[in-house]
Amino acid sequence: MPDRRIHLPGEKMPTAWYNIMADMPNPPSPYLHPGTQEPLTPDALTPIFPMSLIEQEVATARWIDIPGEVLDVLRQFRPSPLHRAVRLERALGTPARIYYKYEGVSPAGSHKPNTAIPQAWYNKQAGIKRLATETGAGQWGSALSLACQWFGLECTVYMVKVSYQQKPYRKAMMRLWGGEVIPSPSDRTNAGRAILAAHPDSPGSLGIAISEAVEDAAGRTDTNYALGSVLNHVLMHQTIIGMEAIEQFDQVGEYPDVVIACCGGGSNFGGLAFPFIGQKLRGEAKKATRFIGVEPAACPTMTRGEYRYDYGDVAKFTPLAKMHTLGHNFMPAGIHAGGLRYHGMSPLVSQLVHEGHIEAVAYPQNPVFQAAELFAKTEGLVPAPESSHAIRAAIDEALKAKEENREAVIVFGLSGHGFLDMGAYENYLDGKLDDFALPENELRAALDELPVIGEPVIA
Ligand SMILES: Cc1ncc(COP(=O)(O)O)c(C=O)c1O
């Protein structure tokens, strides 16, 4: 009987984060100032981020020590288990061995606390009293509300309106942990009021909610902004996932042929994949592993977007980042994977996709929920709709191995549970889910609004 649950002893939990910027074949393109379009200087970010996190954003060291107090809190739910999906393998009749790294064991039910905890801690060290943020599905907002509660900070969460309506229990969770939750667009900020004036029924988007949270943070000296994905330091905080997975695979004498994770802003993907990609880039990998990022067909940033400079938000408050983007004004359809409805992508993931180190695929909702159903029936866990994108791709890789009659070791990130997504599952079971695929004319219209920016000249 194969090991079904590979447990890493607590004393083996990594004590440093992995920074892929140390191993990238080409340096990342710099962020640009949203006004001047010149390369950004660190002081431009100090109104909304503590210097410690700004330094991490541009750090080039390969390993960055995790502060002791952060490790103490992470130990409450880490290391997370690596499971072998034996029942799923049998149901598929595949010779592939399928593993998943389960982040739903955190109190908030996803990988998001891995960065919420250090972000709250670093802000607390900097004397900040309150954090403002956005949330899509509510996973990030709940993780940050809890982290702020633990470190004695206030937390205000601008929640994308469609998710606010679809997921009332996430809202309750945030409030229980002391977070203030505001449906976005709201009348609390200039950015929100402008959107409401133009589109009173706007369902909101992450790009709008980010504008509101950044405006809130920039307007108060006691408040900083925290982002749940996309930025380099956020992905770095998540690398604890992949480093644990490397140890866990060592324990059972395996190494993945394929590493798969869903991509909203890229943080759980980067968290699981970067430590393995780093091994490959350094020539230390045991196999020629492939890496697959999975996104929704309704928000196909990597598969149909362009790789160029764009703003991270609708109001153009954030720096310009070189990334895969659908355009900062892109308004994704109200699919149930709320955490994957973002127009942009992590610049690090984007660059590695662009340079051919990562593959990208996109799926519509129904095949994703079919995969989630099979996973729930076989493995028992109810996956988050976001994570179910990774399950779909893992199943397809396992079926390909079956067709070609070859062994393969597949690992995917099960980034969260779906216990608060039952409305989505009910719609799926009642046959009410639409397979939105983004029409070409809508894609073109959003891309036409991208800023035209040449390559920055670096002195
Ligand atoms: C469970 C879960 N998985 C994945 C994501 C996507 O985010 P990221 O790409 O940053 O991992 C989210 C975002 O909210 C999420 O809640």
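Two residues are taken to be in contact if their C-beta atoms, placed from the backbone, lie within 7 Å. By this criterion Leu144 touches Ala116, Ala120, Leu131, Thr133, Cys155, Val157 and Ala226, with residues up to four places away in sequence left out of the list. The structure is a predicted model, in which local features need pLDDT of at least 70 and side-chain atom pairs count only at pLDDT 80 or more, while totals for chains, interfaces and linings use all residues. Residues are numbered from 1 along each chain as its sequence is written.

A residue is called buried if 20 or more other C-beta atoms lie within 10 Å of its own, exposed if 12 or fewer, and partly exposed in between, with C-beta atoms placed from the backbone. A nonpolar core is then a set of buried Ala, Val, Leu, Ile, Met, Phe, Trp, Tyr and Cys residues joined through C-beta atoms within 7 Å. The largest such core holds 134 residues, and those touching the most other members are Ala120, Leu144, Ile260, Ala394, Ile410 and Phe412.

Turning to the sheets, helices (H or I, at least four residues) and strands (E, at least two) are DSSP runs, numbered from the N terminus. Two strands pair if DSSP finds at least two bridges between them. In general, strands of a sheet pair through backbone hydrogen bonds, either parallel or antiparallel.

Five of the five residues of S10 are buried, so the strand is largely enclosed by the rest of the structure. Val258, Ile260 and Cys262 point one way from S10, Val259 and Ala261 point the other way, and all are buried. S10 runs parallel to S11, to which five bridges join it, and Ala261 has Gly293 of S11 as its bridge partner. On from there, S11 (residues 290-296) runs parallel to S14, again with five bridges; here Glu295 is partnered by Ala362 of S14.

A second open sheet has four strands in the order S8-S7-S6-S9, and its pairing is parallel. S8 (180-184) and S9 (223-225) stand at the edges with a single partner strand each, so one side of each is left without a neighbour in the sheet. Neighbouring strands of this sheet are turned against each other by 25° on average, direction ignored. Five bridges in the parallel sense connect S7 (residues 154-160) with S8, and Tyr158 stands opposite Ile182 in S8. Helix H9 (residues 206-218) lies across S6 (130-135), S7, S8 and S9, at about 170° to S6.

The ligand is surrounded by 21 residues, the closest being Gln139, Ser229, Gly264, Gly339 and Gly416; a residue is near the molecule if its C-beta atom, placed from the backbone, lies within 6 Å of it. Helices H5 (139-151), H12 (267-281) and H16 (385-403) are the elements that give two or more residues to this shell. H12 gives the most, with three residues. Helix H5 also carries Trp140, which is buried, with 32 other C-beta atoms within 10 Å. Leaving aside residues up to four places away in sequence, Trp140 touches Lys112, Thr133, Thr135 and Gly228.

Some backbone details in the loops deserve a look. A cis peptide bond, with omega about -5°, joins Arg78 and Pro79, and Pro79 is found in the loop between H2 (68-74) and S4 (82-84). Another cis bond leads from Ser184 to Pro185, with omega near 10°; Pro185 belongs to the loop between S8 and H8 (190-198). Gln37, although not a glycine, has a positive phi of about 60°, and counts as partly exposed with 15 C-beta neighbours inside 10 Å. Val230, also not a glycine, has a positive phi of about 70°. This valine lies in the loop between S9 and H10 (232-238), and Val230 is buried, with 26 other C-beta atoms within 10 Å.

Note on methods: Axes are lines fitted to C-alpha atoms, for helices over the stretch in contact, and angles run from 0 to 180 degrees between N-to-C directions.
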